[in-house]
Each structure stands twice: as C-alpha cells, then as structure tokens.
Amino acid sequence: MPQAPLPDLPGSHELIQAESATGVRLMRGGQSVIASGVDPRFDQALLAMMQQVKDGGAHVVPLSALSRLSRNSVKQLRVLEFLLAHGVTVLTTNYLLSPELVGVRARPLIKPDSYDLKRTMKQLRGLGPTHTEWIKQLRKQW
C-alpha cells in the first residue's frame, strides 16, 4: 500500500437520506434502502457500513456484486479505496479483493443474488484456494 493518509468518510454535503426498503431479506445486522444506483451521494446504509469499517468493527464486507456498493463508478471506486485502505477484504460471489490479494472465480461466473447471498456463496466451484477459504470462514459466522 502506498504511504498516504487514510480516506475519510463522506462529508455531510455528500449524504442523502434514502427510504428504507421493505420486503427485503436483510443480511445479519445490515439494512437496505431504496435509492438511485447512480446517485453520487451516500445513503445511510452505506455510510453506516463505512463507519463500522472505520471503527474497526468489520474486517470483511460480503456483497453479491460490487454494483451493490453503487452503480456510479466514481462512487464505487471511492468506496473500494476506503475499504481497502482500512484493511478490509471485499468478498463477492465472484471476486475477492483485499489489500494483499485479488481473486477471480474461473469461468463460468456465478450470477449474483442480492436477496440470497448465502445461497450463492455456497457455490465454490471455480474459486481459488484462498477465495474458497475466505468464503468458508464467512459461512461459519452466518
């Protein structure tokens, strides 16, 4: 990692209060909101996750796909930079991103399922050994 100050949380001028989602099965302790996927502002759920990371309360962030962070590429890269700079591993159905390692599922990629992440995380075929071990450890916590 380059020597640089840690990225900070978004400022108050970058926040939006999004509507709480209903009828969505939530991951442990998470929350879900309804907001534009391309909005450059940060909703309360994303900000809460980033605050938990900053406070040292998260070492892995499981997602069905990177687009769950945002469909706005600038915002998505900013969140990824924040997570990786704080030493967090981002684990998706098909990718493993950490400050020390990048892993990609061999073809065919698995279709992400944001409503049932546990189901798609059970599919280990095509993953490298490190990626597989990360998923197995995560599943033990669920």
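Q: How many helices and strands does the protein have, and what pattern do they follow along the sequence?
A: This is a predicted model. The protein has 4 helices and 6 strands. Read along the sequence, these elements follow the pattern β-β-α-β-α-β-β-β-α-α.

Q: What share of the contacts with a separation of 6 or more comes from residues 24 or more positions apart?
A: Such pairs account for 59% of those contacts in the protein.

Q: What share of the residues counts as buried, and how much surface is accessible?
A: Of the 142 residues, 37% count as buried. The accessible surface comes to about 8600 Å², and 54% of this area belongs to carbon and sulfur atoms.

Q: Which residues have the most contacts inside the largest nonpolar core?
A: A nonpolar core is a set of buried residues joined through side-chain atoms within 4.5 Å. Here the largest one has 18 residues, and those with the most contacts inside it are Met 49, Met 50, Val 53, Leu 69, Val 79 and Leu 83. Helix 1 (44–54) and helix 2 (73–85) each supply at least two residues of this core. A second, separate core has 8 residues, including Val 60, Leu 91, Leu 117 and Met 121.

Q: Which residues does Leu 69 touch, leaving out those up to four places away in sequence?
A: With that exclusion, Leu 69 touches Leu 46, Met 49, Leu 63, Lys 75, Gln 76, Val 79 and Leu 80.

Q: Where does the charged end of Lys 75 sit?
A: The charged end of Lys 75 sits over the ring of Phe 42, 5.3 Å from the ring centre. As for pairs between aromatic rings, the count comes to 0.

Q: How many salt bridges does the structure hold?
A: The structure holds 3 salt bridges. In one of them, Lys 54 pairs with Asp 8, with the closest N and O atoms 2.6 Å apart. This pair links distant parts of the chain, Lys 54 being in helix 1 and Asp 8 in the segment before strand 1 (19–20), 46 residues apart. Arg 78 and Glu 14 also meet in a salt bridge, at 2.3 Å from N to O. Arg 78 lies in helix 2 and Glu 14 in the segment before strand 1, 64 residues apart. Arg 119 and Asp 113 form a salt bridge at 3.1 Å, N to O.

Q: Why does Glu 14 count as buried but Arg 78 as partly exposed?
A: Buried means under 20% relative accessible area. Glu 14 has 17%, so it is buried, whereas Arg 78, at 31%, counts as partly exposed.

Q: Which peptide bond is cis, and where is its proline found?
A: Most peptide bonds are trans. The bond from Arg 107 to Pro 108 is cis, with omega near 0 degrees. Pro 108 is found in the loop between strand 6 (102–104) and helix 3 (117–120).

Definitions and conventions
Residues numbered from 1 in each chain as written. Predicted model: local features only at pLDDT ≥ 70, side-chain atom pairs only at ≥ 80, totals over all residues. Heavy atoms only, no water. Buried < 20%, exposed > 50% of the residue type's maximum accessible area, 1.4 Å probe, protein only. Contact = heavy atoms within 4.5 Å. Phe/Tyr/Trp six-rings, centres within 6.5 Å; stacked < 30°, edge-to-face > 60°. Lys NZ or Arg CZ within 6 Å of the ring centre and 35° of its normal. Areas by Shrake-Rupley, 256 points an atom, 1.4 Å probe, with all protein chains shown as cover. Salt bridge = Lys/Arg side-chain N within 4 Å of Asp/Glu carboxyl O.
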